[in-house]
Amino acid sequence: MSDENKDFGDKAEDAFDSAKESAKEFSEDAKESAKEFSEGAKKTANDFTAGAKEAFSGGPGGENKKMLAGILAIVVGSLGIHKFILGYQKEGIIMLVITLVLGAVTCGIGASAMWVVGIIEGIIYLTKSDEEFYNTYQVGRKPWF
């Protein structure tokens with residue numbers, strides 16, 4: 001019976017060593033997987049950050065500026081806010097002055113004319129493709145229509 005206990009003890013010790021080795025391998029695999037996941041997450045986060053910066057700065061595509069400028073041109077186009085969004089300060093000031101000053105002098109005719117210009121520009125902005133909008137209004141800097 002003593003030999004049986006000794007054999008059983010040896011088997012238990014072998015099983016323990018095997019389990020210990022398996023746990024060590026599993027731990028190393030888990031560390032490697034965690035490292036790969038961490039690197040992938042960092043790359044994804046960096047890609048997302050770069051994409052967000054590009055979108056908000058009006059990078060290729062310029063979707064944000066296109067939508068914002070188009071909607072503002074339709075809603076409050078006579079004030080020229082969409083021109084300021086696209087970086088056309090001189091044209092924005094011209095539209096604002098015509099709307100306020102000339103509109104007051106002509107009983108609203110100047111403001112109505114700028115309102116029509118704003119609607120037309122808003123429709124043009126929104127109907128252009130992202131690439132065409134970006135090339136025309138942000139790279140080519142075309143100020144009117």
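Cys107 sits in the loop between H4 and H5. The model is predicted: local features need pLDDT of at least 70, side-chain atom pairs count only at pLDDT 80 or more, and totals for chains, interfaces and linings use all residues. Residues are numbered from 1 along each chain as its sequence is written, and side-chain values use heavy atoms, with hydrogens and water left out. The chain holds 6 helices and 0 strands. Helices (H or I, at least four residues) and strands (E, at least two) are DSSP runs, numbered from the N terminus.

**Overall layout**

- Along the sequence the pattern reads α-α-α-α-α-α.
- The chain has 145 residues, and 21% of them are buried. Buried means under 20% relative accessible area, exposed over 50%, and partly exposed in between (1.4 Å probe, protein chains only).
- Of the contacts in the chain with a separation of 6 or more, 55% join residues 24 or more positions apart. Contact means heavy atoms within 4.5 Å.

- Cys107 has a positive phi, near 60 degrees, in a residue other than glycine.
- Cys107 counts as exposed because its relative accessibility is 76%.
- Arg141 follows H6 and also has a positive phi, near 55 degrees.
- Most residues other than glycine have a negative phi.

**Helix H5**

- H5 covers residues 109-127, which is 19 residues. At 1.5 Å a residue it should span 27 Å, and its end C-alpha atoms are 27 Å apart, so the two values agree. The expected span is 1.5 Å times one less than the number of residues.
- Buried in H5 are Gly110, Met114, Val117, Gly118, Glu121, Gly122 and Tyr125.
- These buried residues fall within an arc of 135 degrees seen down the axis of H5, so they line one face of the helix. The arc is that of the directions from the helix axis to the C-beta atoms.
- An α-helix has 3.6 residues a turn, so residues three or four places apart point the same way.
- Ile109 and Thr127 are exposed on the other side of H5.

**Packing of H4 against H5**

- Two packed helices are described by the angle between their axes and the distance between the axes.
- The axes of H4 (residues 89-105) and H5 come within 7 Å and cross at roughly 150 degrees. Axes are lines fitted to C-alpha atoms, for helices over the stretch in contact, and angles run from 0 to 180 degrees between N-to-C directions.
- H4 and H5 are therefore roughly antiparallel to each other. Angles under 35 degrees count as roughly parallel, over 145 as roughly antiparallel, 65 to 115 as roughly perpendicular and the rest as oblique.
- H4 contributes Met95, Ile98, Thr99, Leu102 and Gly103 to the contact. H5 contributes Gly110, Ala111, Met114, Val117, Gly118 and Glu121.
- By class, the residues of this contact are 6 nonpolar, 4 polar and 1 charged. Ala, Val, Leu, Ile, Met, Phe, Trp, Tyr, Cys and Pro count as nonpolar, Asp, Glu, Lys and Arg as charged, and the others, Gly among them, as polar.

**Thr99, Leu79 and Phe84**

Contacts here leave out residues up to four places away in sequence.

- Thr99 belongs to H4. Thr99 is buried, at a relative accessible area of 9%.
- Thr99 touches Ser78, Leu79, Ala104, Ala111 and Met114.
- Leu79 lies in the loop between H2 (63-76) and H3. Leu79 is partly exposed, at 30%.
- Leu79 touches Phe84, Gly92, Leu96 and Thr99.
- Leu79 and Gly118 are 39 residues apart in sequence, yet 8.4 Å apart in space, C-alpha to C-alpha.
- Phe84 is part of H3 (residues 81-85). Phe84 is partly exposed, at 33% relative accessibility.
- Phe84 is in contact with Leu79, Gln89, Gly92 and Ile93.
- From Phe84 to Ala69 is 15 residues in sequence and 8.9 Å in space, C-alpha to C-alpha.

- Phe133, Thr136, Tyr137 and Gln138 are buried in H6.
- Seen down the axis of H6, its buried residues fall within an arc of 155 degrees, so they line one face of the helix.
- Lys128 lies in the loop between H5 and H6 (130-139).
- Lys128 counts as buried, at 18% relative accessibility.
- Lys128 touches Lys66, Phe133, Thr136 and Tyr137, not counting residues up to four places away in sequence.
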